[in-house]
Amino acid sequence: GDIFDGVKTLDFSKAPDTGRIACGHISKDTESVAWAEDMHIDGAVEAYLLQLEGHLRLQLRIELEQARATADNWEVPEGNPREFWLEAYCSQLALVGTQIMWTEETNRVFEEIESGSETAMKDYKRV
């Protein structure tokens, strides 16, 4: 799919008078996604739309990497429980991060079963 499908508008709050600095985007579902790095919009439309596509991909990748890194702390007592972790990220990235974690956890259980553990699946289901 097109990376712009879910984007309703850009966030120009850092330069509302000129609209030349985008610092995030608003999704069609009204979720606000702040970017780690601002983008200066200059030049021809074709040039900055191409630049915007690359910038948006990079910013979403950074956000997904942060979500994935913090997801490791779901089960740690000092960590951020999954139900609160979900609130910190936009829904699509939270969904992808959850799917990544589920896949890794499930693969880990199958590896334990292959190693001879007879209770690995039961232990995982308790979590």
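**Exercise 1. With which residues is E105 in contact, leaving aside its neighbours within four places in sequence?**

The model is predicted: local features need pLDDT of at least 70, side-chain atom pairs count only at pLDDT 80 or more, and totals for chains, interfaces and linings use all residues. Residues are numbered from 1 along each chain as its sequence is written, and side-chain values use heavy atoms, with hydrogens and water left out.

*Solution.* Step 1: locate the residue. E105 belongs to helix α3; helices are DSSP runs of H or I of at least four residues, strands are runs of E of at least two, and both are numbered from the N terminus.
Step 1: apply the contact criterion, heavy atoms within 4.5 Å. With neighbours within four places set aside, E105 is in contact with R82 and Y124.
Step 2: classify the burial. Buried means under 20% relative accessible area, exposed over 50%, and partly exposed in between, with a 1.4 Å probe and protein chains only. E105 counts as buried because its relative accessibility is 11%.

**Exercise 2. Determine the strand order of the sheet and describe the pairing of β2 with β3.**

Step 1: identify the edges. β1 and β3 each pair on one side only and are the edge strands. From one strand to the next, the twist averages 30°.
Step 2: examine the pairing. Strand β2 (residues 21–27) is joined to β3 by 5 bridges. Opposite G24 stands A34 in β3, and H25 has V33 in β3 as its bridge partner.
Step 3: inspect the turn. The hairpin of β2 and β3 has 4 residues between the strands, and T30 in the turn has a positive phi of about 70°.
Step 4: consider S27, which is found in β2. S27 is buried, at a relative accessible area of 10%, and touches G6, V7 and K8, not counting residues up to four places away in sequence.

**Exercise 3. Identify the residues of the largest nonpolar core and the elements that supply them.**

*Solution.* Step 1: define the term. A nonpolar core is a set of buried Ala, Val, Leu, Ile, Met, Phe, Trp, Tyr and Cys residues joined through side-chain atoms within 4.5 Å.
Step 1: list the members. The largest such core has 9 residues: I3, V7, L10, A22, W35, M39, I41, L52 and L56.
Step 2: assign the elements. At least two residues of this core come from each of β1 (7–11), β3 (32–40) and α1 (45–71).
Step 3: follow one member. Not counting residues up to four places away in sequence, W35 touches L10, A22, C23, G24, H25, L52, H55, L56 and Q59.

**Exercise 4. Describe how α1 is placed against α3.**

*Solution.* Step 1: compare the axes, which are lines fitted to C-alpha atoms, for helices over the stretch in contact, with angles from 0 to 180 degrees between N-to-C directions. The axes of α1 and α3 (residues 91–114) come within 9 Å and cross at roughly 45°.
Step 1: list the interface. L60, E63, L64, R68 and A71 of α1 meet L93, V96, G97, I100, M101 and E104 of α3.

Methods:
Pairing = 2+ DSSP bridges.
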